[in-house]
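The sequence and model are shown first.

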Amino acid sequence: MLAVDIPKPDGGGVRTLGIPTVADRIAQPVVARHLEAKVEPIFHPDSYGYRPARSALDAVDVCRKRSWKYDWVIDLDIRAFFDTVPWDLVTQEVSAHTEAPWVLLYVRRWLVAPLQQLNSVLVERECGTAGVLGAG
């Protein structure tokens with residue numbers, strides 16, 4: 001997976017994204033569709049990220065409507081979550097929602113894939129998703 005550094009909008013450094021191979025770009029939607037059928041019914045209705053028929057604009061619309069109804073706000077930012085999430089937790093959750101061995105094979109492969117820097121040096125990782133599975 002090719003590592004590309006993207007500047008953060010606030011000027012606070014860079015975020016490293018992993019750019020999947022062409023083969024992985026084909027396989028990831030297949031895995032996502034398989035898992036989506038199983039987990040979509042159990043997602044919270046206010047979950048908008050990476051879900052079918054939902055967008056960031058939908059989330060903003062709900063926030064706008066609720067801002068007129070309630071006089072309080074909860075603001076959460078899980079700093080560097082996708083950079084630090086333990087792989088065993090990801091595979092544990094995926095395996096809880098599928099018994100398809102090919103899905104787990106792909107997910108594990110994507111998680112442990114080293115990042116190839118622009119100078120061709122491979123960087124091994126021990127946690128995080130590095131842009132795998134549609135994450136940052």
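Leaving aside neighbours within four places in sequence, R51 is in contact (heavy atoms within 4.5 Å) with E40, F43, H44 and P45. The model is predicted: local features need pLDDT of at least 70, side-chain atom pairs count only at pLDDT 80 or more, and totals for chains, interfaces and linings use all residues. Residues are numbered from 1 along each chain as its sequence is written, and side-chain values use heavy atoms, with hydrogens and water left out.

R51 is found in the loop between α1 (22–39) and α2 (56–69); helices are DSSP runs (H or I, at least four residues) numbered from the N terminus. With a relative accessible area of 7%, R51 is buried, where buried means under 20%, exposed over 50% and partly exposed in between (1.4 Å probe, protein chains only). The side chains of R51 and E40 meet in a salt bridge, a term for a side-chain nitrogen of Lys or Arg within 4 Å of a carboxyl oxygen of Asp or Glu. E40 is also in the loop between α1 and α2, 11 residues from R51.

**Salt bridges**

| Pair | N to O distance |
|---|---|
| R109 and D24 | 2.4 Å |
| R51 and E40 | 2.5 Å |
| D61 and K65 | 3.1 Å |

Side chains of opposite charge can pair when their charged atoms come close. R109 is partly exposed at 42% relative accessibility, whereas D24 is buried at 8%. D61 and K65 are separated by about one helical turn, because they are 4 residues apart in helix α2. Here D61 is partly exposed at 31% and K65 is exposed at 56%.

**Nonpolar cores**

A nonpolar core is a set of buried Ala, Val, Leu, Ile, Met, Phe, Trp, Tyr and Cys residues joined through side-chain atoms within 4.5 Å. The largest one has 13 residues, of which V31, L35, V90, V94, V103, V107 and L111 touch the most other members. At least two residues of this core come from each of α1, α4 (87–97) and α5 (101–112), and α5 gives the most, with 5 residues. A second, separate core of 5 residues includes A3, A113, L115 and A130.

**Loops and surface**

A100 lies in the loop between α4 and α5 and is buried, with a relative accessible area of 12%. The C-alpha atoms of A100 and H34 are separated by 9.2 Å, although these residues are 66 places apart along the chain.

Y50 has a phi of about 55 degrees and is exposed at 68% relative accessible area. For A53, phi is near 60 degrees, and this residue is exposed at 83%.

Y70, W72, I74 and L76 make a nonpolar surface patch of about 520 Å². Patches are made of residues with over 30% relative accessible area and no salt bridge, with like charges joined within 9 Å and nonpolar side chains (Val, Leu, Ile, Met, Phe, Trp, Tyr) within 5 Å. Accessible areas come from the Shrake-Rupley method with a 1.4 Å probe. Y70 itself is found in the loop between α2 and α3 (81–84) and is partly exposed at 38%.
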